[in-house]
Amino acid sequence: MKKTTTNLIENLLKAIEKLGINRTTQVLSLATNLFQDKKEMIALIILNTCNAFNINENTLINGRRNIANRTNAIGVSTVLLKKLCNLSQIEISDILKKDPSNINKYLKKYESLDLNFKIDKEIQNKLDIVESETIENYNLIVNNGKTERKT
């Protein structure tokens, strides 16, 4: 912990030395805003995915039962977290509380659904709906400057 803190302070001092205090403050503020926007997008993806598959967030993240709606919701949310938030598999695994190797399996399966199969086509339709609703809700939030979620 002490080493991490020291490293942080050293990097901050280097940034101030190169950029100046005002520019460093602007960069940190911008990074904080981007992180907040990403958190909002993550929350919308999870909310809309749960609504589409008729499960709750607790079932999605902490559930242990192997039911189709939960499995498909994990797959859809994994694909959308990667696509819309540009998150790594490790970041996605932390959010969804799943093993990173499982996240890789979900990505491979749900990014290449075979639309000739009825079930895969239904999942793809739900994925498209969740994606469009998430983007629409996010744009409403950003354009209105609100942090309220549309459900």
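**Notes on the helical packing and the loops**

1. In helix α4, T71, N72, I74, G75, V76, T78, V79 and K82 meet I103, Y106, L107 and Y110 of helix α6; contact here means heavy atoms within 4.5 Å. Sorted by class, the contact of α4 with α6 has 7 nonpolar, 4 polar and 1 charged residues. Ala, Val, Leu, Ile, Met, Phe, Trp, Tyr, Cys and Pro are counted as nonpolar, Asp, Glu, Lys and Arg as charged, and the others, Gly among them, as polar.

2. The model is predicted: local features need pLDDT of at least 70, side-chain atom pairs count only at pLDDT 80 or more, and totals for chains, interfaces and linings use all residues. Residues are numbered from 1 along each chain as its sequence is written, and side-chain values use heavy atoms, with hydrogens and water left out.

3. Two packed helices are described by the angle between their axes and the distance between the axes. For α4 and α6, the axes come within 9 Å and cross at roughly 85 degrees. α4 is therefore roughly perpendicular to α6. The axes are lines fitted to C-alpha atoms, for helices over the stretch in contact, and the angles run from 0 to 180 degrees between N-to-C directions. Angles under 35 degrees count as roughly parallel, over 145 as roughly antiparallel, 65 to 115 as roughly perpendicular and the rest as oblique.

4. Helix α6 (residues 100-110) also meets helix α5 (residues 89-96): their axes come within 9 Å and cross at roughly 105 degrees. This makes α5 roughly perpendicular to α6. Q89, I92, S93 and L96 of α5 make the contact with P100, I103, N104 and L107 of α6. By class, that contact has 5 nonpolar, 3 polar and no charged residues.

5. N104, found in helix α6, has a relative accessible area of 27% and is therefore partly exposed. Buried means under 20% relative accessible area, exposed over 50%, and partly exposed in between, with a 1.4 Å probe and protein chains only. From C-alpha to C-alpha, N104 and I46 are 18 Å apart in space, and they are 58 residues apart in sequence.

6. Helix α4 (residues 68-85) has 18 residues, which should span 26 Å at 1.5 Å a residue; the end C-alpha atoms are 25 Å apart, in agreement. The expected span of a helix is 1.5 Å times one less than its number of residues. α4 is mostly covered, with 13 of its 18 residues buried. N86, which follows α4, has a positive phi near 55 degrees.

7. Helix α1 (residues 2-19) likewise has 18 residues, and it reaches 26 Å from its first C-alpha to its last, close to the 26 Å expected at 1.5 Å a residue. Just after α1, G20 takes a positive phi of about 90 degrees.

8. Most residues other than glycine have a negative phi, and most peptide bonds are trans. N54 has a positive phi near 55 degrees; this residue is found in the loop between α2 (21-53) and α3 (57-62) and is exposed, with a relative accessible area of 69%. K97 has a positive phi near 55 degrees; K97 lies in the loop between α5 and α6 and counts as exposed at 53% relative accessibility.

9. Two further loop residues may be noted. N66 lies in the loop between α3 and α4 and counts as exposed at 72% relative accessibility. N66 and L30 are 36 residues apart in sequence and, C-alpha to C-alpha, 41 Å apart in space. F117 lies in the loop between α6 and α7 (118-144) and is exposed, with a relative accessible area of 54%. F117 and V142 are 25 residues apart in sequence and 37 Å apart in space, again C-alpha to C-alpha.

10. What does the secondary structure of the protein chain come to? There are 7 helices and 0 strands; helices (H or I, at least four residues) and strands (E, at least two) are DSSP runs, numbered from the N terminus. The radius of gyration is 19 Å, well over the 15 Å that the globule rule gives for 151 residues, so the chain is more spread out than a compact globule. That radius is taken over C-alpha atoms, and the globule rule is 2.2 Å times the number of residues to the power 0.38. The C-alpha trace spans about 60 × 40 × 25 Å along its principal axes. Buried residues make up 32% of the 151 residues.
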